[in-house]
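Hi there,

Here is the structure I promised to pass on. Please have a look at it first, and then read my notes below.

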Amino acid sequence: TNTSVLDVKMNDTTIYELFSSTKPLGITPEQIGGCQLATFGIPEFGTRFLQQVLMDAKPKNFADLLQISGLTHGTGVWLGNADELIKQGICDISKVIGCRDNIMNDLIRYGVENALSFKIMESVRKGKGLTPEWEAAMREHDVPEWYIDSCKKIAYLFPKAHAAAYVMSAIRLGWYKVHMPAAFYAGFFTAAPGGFDAEIVAGGYAGVNATIAELEAKGNEASAKENETCATLYLVREALARGVTFMNVSLEKSDAKAFLPENGKIRMPFNSLSGLGDTAAQKIIEARDKYDLYSVEELRLKTGVTKSVIE
């Protein structure tokens, strides 16, 4: 395809559905461990914490996703603040304070003088709160009590332009996730293989599911590496549930470390095998490109890699 990543439309409704449902991927939540959304692998939106925020906040459009990006990069903005306002039905995601720019624009709309609105925003975003005079000015212009209270809880607020850059990136990657799955997953695992293990993945959907269950059962006992592997396997499981096949490492076709799309499937690289590092992978590629290798012995001699790597 000739689609450049910058040509991706920002208003494709299917992409927005990723943030609320698994439907755009053609799978059910049960197939991916009960996860209700399809954001695994979407930067800034793929973690369990973010998925919970998305489920609580129910974003419907770009502006709502901007809010979520702001809420989850700020301090004292979501937990114990905006999340409670939404849960109590006081306001929805579009009305809470998500980014620092919101405060200035909201206050100007309420009729607070421009320079003062800016000043209040600057103070709140740095966690310095409100002076009694500012609170009085806000009440004079009918700014709701919940809004004033929310301002006082904030320790740091994200700028809207930064949030916009993150969300645009997420929407673009979401387009590839829906329309070009093999390219999306291959690209993701090449850039962030995080504990990817070809032997586990070669066990297919059932094997991957069993390993996830084992790792999840460890709870807080799990090591950082095991947590990383588990997060990677969530994305692998989703790919397998969608019918994307991971093909075994091949002496002829595998790359040293890039996952390669091959006829709608993904060819795993040499370094995805546990215990086979980048250096050995590179040596195998060099020997493969230079010689015709007819035996295991020849492979060992020409690459100089260890017996355990060959095995």
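Is the crossing of helix 7 and helix 8 left-handed or right-handed? The crossing of these two helices is right-handed (left-handed if the near helix is turned anticlockwise from the far one by less than a right angle, right-handed if clockwise). On the helix 7 side, Glu135, Met138 and Arg139 make the contact, and helix 8 brings Glu145, Tyr147, Ile148, Cys151 and Lys152 (contact means heavy atoms within 4.5 Å).

Helix 7 covers residues 132–140 and helix 8 covers residues 145–153; they pack at an angle of about 155 degrees, with their axes 10 Å apart. Axes are lines fitted to C-alpha atoms, for helices over the stretch in contact, and angles run from 0 to 180 degrees between N-to-C directions. Helix 7 and helix 8 are therefore roughly antiparallel (angles over 145 degrees).

Now for the whole protein chain. It has 16 helices and three strands, which are DSSP runs (H or I, at least four residues, for helices; E, at least two, for strands) numbered from the N terminus. Its C-alpha atoms fill a box of roughly 85 × 45 × 35 Å along the principal axes. Of the 311 residues, 46% are buried (under 20% relative accessible area, 1.4 Å probe, protein chains only).

A word on the source: this is a predicted model, where local features need pLDDT of at least 70, side-chain atom pairs count only at pLDDT 80 or more, and totals for chains, interfaces and linings use all residues. Residues are numbered from 1 along each chain as its sequence is written, and side-chain values use heavy atoms, leaving out hydrogens and water.

Best wishes

Terms used
Angles under 35 degrees count as roughly parallel, over 145 as roughly antiparallel, 65 to 115 as roughly perpendicular and the rest as oblique. Buried means under 20% relative accessible area, exposed over 50%, partly exposed in between (1.4 Å probe, protein chains only).
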